[in-house]
Each structure stands twice: as structure tokens, then as C-alpha cells.
Amino acid sequence: MLLTGLRLREVAEGRWSEIDLDERSWLIPGDRMKNGQPHWVHLSPAALAIVKDLPRIQGKEGKDFIFTTNGESPVSGFSRAKQRLDKAMRAVEACEAKDDDRAALPIEPFVVHDTRRTFARGCQRAGTPPEVVERLLGHRTETESGVKGVYQVYAFEPERRAALDKWADTLLATVAGKARVVKLRGAA
């Protein structure tokens with residue numbers, strides 16, 4: 001989710017038939033997008049590596065979920081997973097605080113959807129223009145209706161590719177401890 005800016009269900013219900021490994025892309029059908037429109041996502045090298053490493057569990061009747069444990073349904077149990085993540089984060093903060101001889105800081109509450117805000121802010125901070133960020137998020141904008149919708153139909157695919165690759169590099173550097181992390185309220 002952090003690498004693509006997609007919503008939880010858009011990722012969780014993803015299908016292998018939507019992925020083109022050669023083109024490094026994911027085409028999500030409109031019936032799974034909030035705006036009802038098909039959504040093209042470039043897979044950065046980091047996202048592509050994750051997808052390539054996943055086992056393919058084929059379900060009956062052509063079910064081909066990317067993220068599944070049984071081949072018949074998409075992964076679930078996100079509330080429990082989020083509780084475990086919160087607990088692990090509190091434990092890490094407590095250990096770091098103890099090592100630094102300071103009081104543990106309270107971890108600000110966040111929801112899984114905050115990953116999209118983190119993604120959007122990260123792309124914006126890296127200089128991605130707002131209209132490209134909107135396309136990355138799969139948002140419908142005012143440019144899609146009226147006269148603008150007739151003439152301004154450019155999909156920003158090269159810009160979206162570049163933004164997703166740059167974001168992945170930034171995210172991986174942050175995880176590796178090589179990037180400056182800015183604490184933003186409400187950001188995961």
C-alpha cells in the first residue's frame with residue numbers, strides 16, 4: 001500500500017490477471033475503484049520485487065487473488081494485524097526510550113488509510129505536481145468534467161512512473177535509516 005498509494009481493499013482484492021510483470025504495471029478494474037474508473041499503477045522495482053516473490057495460490061473457478069492464503073478469498077484480518085502492529089510499535093518505542101534514558105513517547109493513533117496520506121505527502125515533498133498525485137491516488141478531479149474533461153485527457157503515465165520510482169527509493173531509504181524522517185501529524 002505504501003509503495004502504490006492504493007487503498008486497502010484495492011490491494012487486498014488484487015488479482016494476478018490485473019498484473020503485467022513485463023510492463024511493470026497493475027490495471028485495477030473500475031468496479032474495484034472508489035471512483036468507478038479503471039486505474040493504472042506503475043510497479044516500482046520495489047513493488048515489483050514484492051509481487052514477484054509472492055506465491056501463486058490458484059483458486060477454483062479462475063480465482064487468482066494476489067494476496068490470499070487459500071486461493072478462494074482475499075486476505076483479511078486487518079483489524080487484528082493493525083492491533084499487532086500498534087503493539088509492536090509501542091514495544092519498539094519503549095526499548096528505544098529505555099536505551100536513550102528517556103520516557104517513551106506516546107504513539108499517535110493512526111488508521112490504515114493514513115498510508116495514502118503518507119504516500120501523497122511523500123510524493124508532494126519530492127516535487128510531484130498535484131495533478132500527478134491526484135492521478136496516482138485514483139482521484140477524479142475537476143479536469144475530468146466539462147470542457148477541461150474534453151481537452152485535458154493526458155494520463156501522466158511517464159510522470160506517474162517517475163514519481164512512483166522516486167517514492168519507492170525514498171521509502172526504502174527511510175526504512176533503511178538513511179533518510180531524514182519528518183514527523184507529520186496523522187501520517188503513518
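Two strands count as paired here if DSSP finds at least two bridges between them. With that in hand, here's a quick tour of this predicted model. The chain has 7 helices and 3 strands, and along the sequence they come in the order α-β-β-β-α-α-α-α-α-α. Of its 188 residues, 34% count as buried. Among contacts with a separation of 6 or more, 56% are made by residues 24 or more positions apart.

**The strands**

- Start with β2 (residues 25-28), which pairs with β3 (residues 39-42) in the antiparallel sense over 4 bridges.
- To find your way around that pairing, look for W26, whose bridge partner in β3 is V41.
- β2 also pairs with β1 (residues 19-20), again in the antiparallel sense, over 2 bridges.
- On that side, D20 is the residue that stands opposite S25 in β2.
- β1 and β2 make a hairpin, with 4 residues sitting between them. In its turn, R24 has a positive phi of about 55°.
- As a general point, the side chains of a regular strand alternate between the two faces of the sheet.

**Aromatic pairs**

- A pair of aromatic rings is described by two things: the distance of the centres and the angle of the planes.
- How many aromatic pairs does the structure hold? There are 2.
- One is F119 with W167, an edge-to-face pair with 6.0 Å centre to centre and 85° between the planes.
- This pair links distant parts of the chain: F119 belongs to helix α4 (residues 114-125) and W167 to helix α7 (residues 157-175), 48 residues apart.
- Y154 is partly exposed, with a relative accessible area of 44%, whereas F156 is buried at 18%. The cut-off for buried is under 20%, so F156 makes it into that group.

**Charges over rings**

- R56 has its charged end over the ring of W16, 4.0 Å from the ring's centre.
- K82 does something along those lines with F110, lying over the face of the ring at 4.0 Å from its centre.

**A closer look at helix α3**

- Helix α3 covers residues 78-99, which is 22 residues. At 1.5 Å a residue it should span 32 Å, and because its end C-alpha atoms are 31 Å apart, the two values agree.
- Which residues of α3 are buried? They are K82, E93 and A97.
- In general, an α-helix has 3.6 residues a turn, so residues three or four places apart point the same way.
- Turn to the other side of α3 and you'll find R80, R84, K87, K98 and D99, which are exposed.
- After α3 comes D101, which has a positive phi, near 55°.

Terms used
Residues numbered from 1 in each chain as written. Predicted model: local features only at pLDDT ≥ 70, side-chain atom pairs only at ≥ 80, totals over all residues. Heavy atoms only, no water. Phe/Tyr/Trp six-rings, centres within 6.5 Å; stacked < 30°, edge-to-face > 60°. Buried < 20%, exposed > 50% of the residue type's maximum accessible area, 1.4 Å probe, protein only. Lys NZ or Arg CZ within 6 Å of the ring centre and 35° of its normal. Expected span 1.5 Å × (residues − 1). Contact = heavy atoms within 4.5 Å.
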